[in-house]
Amino acid sequence: MKAVILAAGEGKRLEPLTNRRPKPMLPVGNRPVLEHVVEAVADAGVEDVVLVVGYKRDRIQTYFGDGDDWGVNIEYAVQSKQLGTGHALLQAADHLNDTFVVLNGDRVISPALVSEVMERTETGDTPVVSVTRVENARNYGVVELDGQRVTAIHEKPDAHRSQSDLINAGVYGFDSSVLAAIRDTETEPSGELALTATLDEVAREDGLAAVRYGDYWLDISYLWDLLSVNEVVVSRLTDGAGFEPSTSDGAVLADSVAVDEDVRVGENATIHPRVSLGENVTVGPNAVVSNAVVLPDATIEAGAVVRDCIVGENARVGPNSTVVGGNARVVVEDEVHRDVRLGGVVGDNSVLGGGVVVDPGTVVGDHVTVESGVTLDGRVPPNAEVRRG
Amino acid sequence: MCGIVGYVGDGDALPVVAAGLKNLEYRGYDSAGVALSANGGLDVFKSEGEIDDLALPDAHAATCGIGHTRWSTHGEPSDANAHPHTDCTGDIAVVHNGIIDNYEALKAELSDHEFVSETDTEVVPHLLEEVYDGDDLVGALEDVVARLDGSFALAVTAAGHDGIVVARRDSPLVLGFGDDGNFVASDVTAFLEHTRDVAFLEDGDVAELTSDGVTVRHDGEVVERDRQTVDWAADSAEKAGYEHYMLKEIHEQPQALRQTISGRLDVVNGDVDLDLDLPAQYLQSVEEIQIVACGTSYHAGLYARRLLEEHADLRTSVEVASEYEFTGGRDPWRTLVVAVTQSGETADTLRAMRTASAAGARTLAVTNTVGSTAAREADDVVYIRAGPEIGVAATKTFAAQVTALALLTVDVGRTRGALSGDRASTLLENVRGLPGAIQQVLDADDDVRAVAREYADSDAFFFIGRKLGMPVSLEGALKLKEISYRHAEGFAGGELKHGTLALVTEDTPVLAVLTDGANATETLRNVKEVESRGAPVVGASSLDDAESFLDAAFQVPDLGALEPLVANVSLQLFAYHVADALGRNIDKPRNLAKSVTVE
């Protein structure tokens, strides 16, 4: 059975990290989220994968190639405009016949879920949807369940309408008739064609076969989710590391730290748990890193303290700079989020000078230059130059 | 250069050989053919044109076959000149890469045979016909090879013979050992999806492949050739959703360079580990490095020359390999000859290396290809680890060559005591920053495309740069010429006023390298010179206020002496998008083949 993975989305709420890469390429445990999905379908026995790509697709294509490293054969379908998940699936139509599974490229799930959906799909009782229980169900597609059948899907319902904390887990089993059903679905005023709109119609008429799922289901909606999902993924890595970093005397690395190739850790630097250090990362002497995702090619210089923080690709945190860490209030697309654990974000290619202080919740855009000694808070737009004054 | 592939085993030969040819298409694409041996008969399919145009049956019972993709040296592209070539009976089929120098003399001896092509190759099947007794094809090929002058890789099969016999002299051949059969090819990319377990044949080897195994003979004795595992991913040799290999490979540069530098840098102490056996005493006593190379590799050599002279305090000259002689009263004991060749099979570069070796000089190969002739013949090797490159226009291998040569510079400079740990550390910090800096240029691909489209129809393009920007301007012009067929010239900024300025008009954009390491201030004067003649100027620039004096600017992040190398990536994208806008066949430019194994 083929698997279609939807990976064309941009992920605007995750700016600045999605300015240069699509959301599925955000790394947790030093591997893109999408790689965790590809591994799950490969482990479930899928041989042929269709990746629907769009926004910044070169990043995905360069990374996954033709899939040989994962033991699958990957083909690409391009969705040039992001017009919803239904529209995305239609772009893969030429690659599809018979039955297939569909997954989101930005949710980490277990191979067991893929296997179960595949088994149910083979019985012919399609469409199949998977449902799982989450805390903040209102942010997702809440499902109404009648016995083992889904009878409706409400996308991001209002608080008073939400009666269930069961949501659509985003792993589906279809036969090719779903393509016609999507084409028959009315396009939303925004021009989007959501797969869930089609499924809601089918659910209300005939009901949908439901596969219940209770294992890990990890979604990254906001910047701080990257840290919590990274924590789960890193703690699941049995042997901690992955690659031996080149460490100097006195450097200390905790057990649950993910280290990629060619990482250097200087004298007396300390890497606390829940940290991922990407390829070619340098951590200078006496630096302290805890609960952090550090993307490839980044540098954390001598004496810097980096807590609850995301450091972008090729970014530089200057000597003795401090990302204090802790909980903060963060505004995302005019929505205020209180008490979220985010020490700060340093965008790709940004350079913080020496002794910069980053207040909790600060989001520094990509390609920003910050002079030494500055204290940062709030949002710093991309390409900005921040001077003392 | 041509490509050879062969398969014998338990499975169907046709799909394996056809896919292998497709993978080798970068080696030549003016004609193609296959020969399949089945049920005591031999079927040959061949024609002029690309591999996709070759009419092949949907299925064929053969479990043994050979194939060939050709880039003409003797005889124009035509159906008759396409390989495989056969003898008068049509029972022996031969494919060949290389040149048989004495074919006219041999052809004269074979006057009672009927020749149908203009190729040098065709003498081989007819010579085989003379000596082949229907049983011992290996012995027959050994006899024939002894009579040939020139360079060749040959693969032969015959009706009723369930196997392939191959011979190598000066042209590459690699064996592959799979679960369902055995392979032979000019390059591992031909069969990488089937096996990574390989062995490289050496000059003078004759080998017989059957479904059970491979026997290699040398001077009539059975010999073993070392088995190696190729760690290239097969998917590197496929297009992965990109429209062209070239664009895919341009985008692969950050990852390729991470591989190039992986495990080799000690930034803190300013040291590198290239795993070389060059004794310190030797490096201290060396008076000159001579770099020999062709084409893009030559430009990488020019970049390295400045690095070596500045950081290793060592006189360095760069020679076009085909022009190379060991002269000028050089002391062979104090001259290190560095051969730069992506494939490790470039005939001109190999000849230059052998010339140096014969004169007594030590040689070092900088190459991408494990087991290549250059790697085996040189005294020392530095692998650039860029992964397979299929696009005829070299992109990621140029970046990886320069990077590897920068590491060699640090190694030599440190050993000679010419480079302080501090300066070495700065240079290595820049090397370490290459993947990130190049990714930033790639992120701006859309901007480069817009500029390229605007200027695609120009009469000509001039590339200028100084110091380390000079080789980059040569390389930028070469890329544009290769794939867009537009006239382009690159030269040192200061040379502009000594002639070429006469050609500059408002229809000839000038592309300038305005970065660290390239004396941007001086080049800006040249920019003014051409602007006053109305020429539009596009700059690859790390200057703060670049836009103000340029018609278009490609941003280059700060990276010291390696900024010009990063600027080169935007020029690669520019060349690609110009060629794309003009509708060129980017991965298969006319008249060109990837690595040139004839002199």
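**Strand S21 of chain B**

I started with strand S21 (residues 362–367) of chain B in this predicted model. Is the strand enclosed or open? 6 of its 6 residues are buried, so S21(B) is largely enclosed by the rest of the structure. For the record, buried means 20 or more other C-beta atoms within 10 Å of a residue's own, exposed means 12 or fewer, and partly exposed is in between, with C-beta atoms placed from the backbone. Strands (E, at least two residues) and helices (H or I, at least four) are DSSP runs, numbered from the N terminus.

I then checked which way the side chains go. Arg362(B), Leu364(B) and Val366(B) point one way, while Thr363(B), Ala365(B) and Thr367(B) point the other way, and all are buried.

Next I looked up the neighbours; two strands count as paired if DSSP finds at least two bridges between them. S21(B) runs parallel to strand S20 (residues 335–341) of chain B, with 6 bridges, and Thr367(B) is the bridge partner of Thr341(B). S21(B) also pairs with strand S22 (residues 380–383) of chain B, again in the parallel sense, over 4 bridges. There, Ala365(B) has Val381(B) as its partner.

**Housekeeping**

Residues are numbered from 1 along each chain as its sequence is written, and chains are lettered from A and ligands numbered from 1 in the order in which they are written. Since the model is predicted, local features need pLDDT of at least 70 and side-chain atom pairs count only at pLDDT 80 or more, while totals for chains, interfaces and linings use all residues.

I looked up the confidence: chain B has a mean pLDDT (the predictor's confidence in each residue, from 0 to 100) of 91, and 97% of its residues reach 70 or more. The model scores are ipTM 0.74 and pTM 0.77.

**Chain B against chain A**

How many residues does each chain put in? I found 21 from chain B and 20 from chain A. On the chain B side, H13(B) gives the largest share, 5 residues.

Most residues other than glycine have a negative phi, and most peptide bonds are trans. I found a positive phi of about 50 degrees at Asp219(B), in the loop between strand S13 (214–218) and strand S14 (221–223) of chain B. Asp219(B) is exposed, with 9 other C-beta atoms within 10 Å. Asn519(B) also has a positive phi, near 45 degrees, but Asn519(B) is buried, with 20 other C-beta atoms within 10 Å.

I also logged a cis peptide bond between His83(B) and Pro84(B), with omega about 0 degrees.

Definitions and conventions
Two residues are in contact if their C-beta atoms, placed from the backbone, lie within 7 Å.
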